[in-house]
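Student: I would like to learn how to read a protein model one feature at a time. Can we go through one together?

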Amino acid sequence: MKSTRDHFGYFIAYYLSHYVRSEFAPFHYEMMADVHDLLDLKIREVAWFMFGESAKTSFAKALILYMIAYDIEPYINADAFDSTNSERALFDVVWELQTNRRFIADFGEKYNTKRSKDEATQKRIKDFITNPDKDEAGNILKEGIRVEAHSTQESIRGRVHGAMRPGFVLLDDFETKKTLKSEVATNQIRSHIQEFKRGLDSSRRRVIYLGNILSEFGNVQSVIERAKQDPELRVRIVPICQGTLMTGLHTPTWPERWVMTDEEAKETGKVSIEGKRRSMWTPEEGDMDFQAEMLCQPIDESKAIFKRDWFLLIEWEALMQKKLAAYVTIDTPSRKEDGEISKDGDYVGICINWIDREGKWHLKAWREKLGPTGIIEKMFGIYTFLIQAGTPPVKFGWEDTAFTRGLEPMLRHEQRMRQTFLPLIWLKHQGRSKEDRIRTGLLYRYETRSIYHLKNECKDLENELVRFPDSPNDDTSDATAYQSDIARPAGTERPRDIRLEPVINTAYGKVKPAYEEEFVEEGPQYPYIGI
């Protein structure tokens, strides 16, 4: 028993030999090291984002059994987006506690409560407490270990075992294609992760994340990014093999179980990656599922309309050496119900485009969650930025919607108060759908390498375009596509003269006017130009 206590891998090999279908892969030994570092508190969190059938879930269930066997953690939680998954994981653990002869022989009957008919039929268990330790007289010396299954849609508040909070959480299958399509679900899961981290016992806190990398902008990616800053969080990403669909696949990461081709599978009796890819292909999504779930690459490069290698980069210093004309386009929220947006704001797509004499675009494009006041402030901020950069905007395009028309009086008022007048122009969709605007406005320019991205300033745009037309967000893409309606090569149009801040000569010197009636405007400062 000492050897299995000292090495998690020995524990799996001896007590859970039926879990071991093939020899361990090199990454399995790294996972074993992760477990010991986690239990020794050298790290507090570990994320295993690995291909399907990598045995990560089996390792996690084995760890729960291991902690019960050696009385390592008194209060264990297993959470998943769908509680059915976490409850079935607990059923498998209970099954081992009650039927595994080797385990019972060495550790005794840790749990012998009879399962209900529903639990046995549905193979789901919501919670259980292992048998307490008793003396010969039957007195309880130590309470049993409590294990619970939950959904990420449940609050962690109120989870207590006696006076203890949970010390270990297994977060499995917390992000799915379904949750990624819902901003509400994605934000709810993010809040759940933050909440349970605060709700765990500070001294015993340990977390394991299991999942697939289905997206570059979801909660899994958030964990990956946080690991770059948090030394107590370790992320391990393992695809089924090396390479990409574009450059070619090679070298399985679990060579004891997988081979690349059907022919190799026939010769060796192993599983074919080629066959796995074929079984996951669909006419609607092509290799998208295979690429995300098995290659840990969430974009189907072969089907992407906008290719990543089309995104040419330019540094700010190099851009400022060119003769440029600057144009701004803003894609504002558009709601069917009275043109309103939420009080907290909705996403606004913003694109600044510097065009050189050859007509090539140089973009800074992003999206932000802004309310009505925030949109107005952002517009003035962009205008000031461009003036300071020495590239005053030729035109400032604003999408013509019921919402923006409602904001127009506020913008007019702010312009008079600030004495800063934007060269505004209304952007009209002219009956075109967003998808059509993006295709016709951007595709041929990217194909002909006529667009450059300011380095590190177009991540939102790039993430939307590689997923087009299925991206859950298209605000940045639409704002950028509107550039084709107004942008012209440098030298074609001249920026409107910047109006100097008006002053009035008085007996006390020159002062700024307190009211707009104290000076005379020269010509219209807010032209309406329909396109």
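Student: Is A304 buried or exposed, and why?

Tutor: Compare its relative accessible area with a cut-off: a residue counts as buried under 20%. A304 has a relative accessible area of 10%, so A304 is buried. Keep in mind that this is a predicted model.

Student: Where in the chain does A304 lie?

Tutor: A304 sits in the loop between α13 (288-293) and β14 (312-314). The C-alpha atoms of A304 and F468 are separated by 7.2 Å, although the two residues are 164 residues apart along the chain.

Student: Which residues does S22 touch, leaving out its neighbours in sequence?

Tutor: Not counting residues up to four places away in sequence, S22 touches W254, E256 and R257. S22 belongs to the loop between α2 (8-15) and α3 (26-39). S22 counts as buried because its relative accessibility is 15%.

Student: How many helices and strands does the protein have?

Tutor: The protein has 20 helices and 22 strands. Of its 531 residues, 50% are buried. Among the contacts with a separation of 6 or more, 70% are between residues 24 or more positions apart.

Student: How do I read the pairing of strands? Which strands are joined to β18, and by how many bridges?

Tutor: Look for the bridges between two strands and for the direction in which the strands run. Strand β15 (residues 325-331) is joined to β18 by five bridges, and these two run parallel. Within that pairing, V328 has F396 in β18 as its bridge partner. Strand β19 (residues 424-427) is joined to β18 by four bridges, and this pair also runs parallel. Here F396 stands opposite L424 in β19, and W398 has W426 in β19 as its bridge partner.

Student: Which helix does the chain pass through between β18 and β19, and what is the hand of the crossover?

Tutor: The chain goes from β18 through helix α16 (residues 402-418) to β19, and this β-α-β crossover is right-handed.

Student: How many residues of β18 are buried, and which way do the residues of β19 point?

Tutor: Strand β18 (residues 393-399) is mostly covered, with seven of its seven residues buried. In β19, L424 and W426 point one way, while I425 and L427 point the other way; all are buried.

Student: How is empty space found in a model?

Tutor: Rolling a probe the size of a water molecule over the atoms shows where empty space is left. In this structure, there are two cavities of 30 Å³ or more. The second largest cavity has a volume of about 30 Å³.

Student: Which residues line the second largest cavity?

Tutor: Its lining is formed by A78, D79, N85, S86, A89, L170 and D172. The elements giving two or more residues to this lining are β2 (75-80), α5 (83-99) and β7 (168-172). Helix α5 gives the most, with three residues. By class, the lining has three nonpolar, two polar and two charged residues.

Student: How much space lies in the second largest pocket, and which residues lie nearest its centre?

Tutor: The second largest pocket holds about 450 Å³ of space. It is lined by 20 residues, and R190, F217, Y347, R367 and N473 are the ones nearest its centre. Two or more lining residues come from each of α9 (183-199), α10 (219-227), β17 (361-370) and α18 (459-465). Helix α9 gives the most to this lining, with four residues. The lining of the second largest pocket divides into four nonpolar, nine polar and seven charged residues.

Student: What should I look for in the backbone angle phi?

Tutor: Most residues other than glycine have a negative phi, and most peptide bonds are trans. L41 has a positive phi, near 65 degrees. This residue lies in the loop between α3 and β1 (45-50). R449 also has a positive phi, near 55 degrees, and its place is in the loop between α17 (434-447) and β20 (451-454).

Methods
Residues are numbered from 1 along each chain as its sequence is written. This is a predicted model: local features need pLDDT of at least 70, side-chain atom pairs count only at pLDDT 80 or more; totals for chains, interfaces and linings use all residues. Side-chain values use heavy atoms; hydrogens and water are left out. Buried means under 20% relative accessible area, exposed over 50%, partly exposed in between (1.4 Å probe, protein chains only). Two strands pair if DSSP finds at least two bridges between them. A crossover is right-handed if, with the strands pointing away from the viewer, the path from the first strand over the helix to the second runs clockwise. On a 1 Å grid over the protein atoms alone, a cavity is a set of points where a 1.4 Å probe fits but cannot get out, and a pocket is an open set with protein on both sides within 12 Å along at least five of seven lines; lining residues have an atom within 4 Å of a point. Grid points are joined across faces, edges and corners, and a volume is the space filled by probe spheres set on the points. Ala, Val, Leu, Ile, Met, Phe, Trp, Tyr, Cys and Pro count as nonpolar, Asp, Glu, Lys and Arg as charged, and the others, Gly among them, as polar. Contact means heavy atoms within 4.5 Å.
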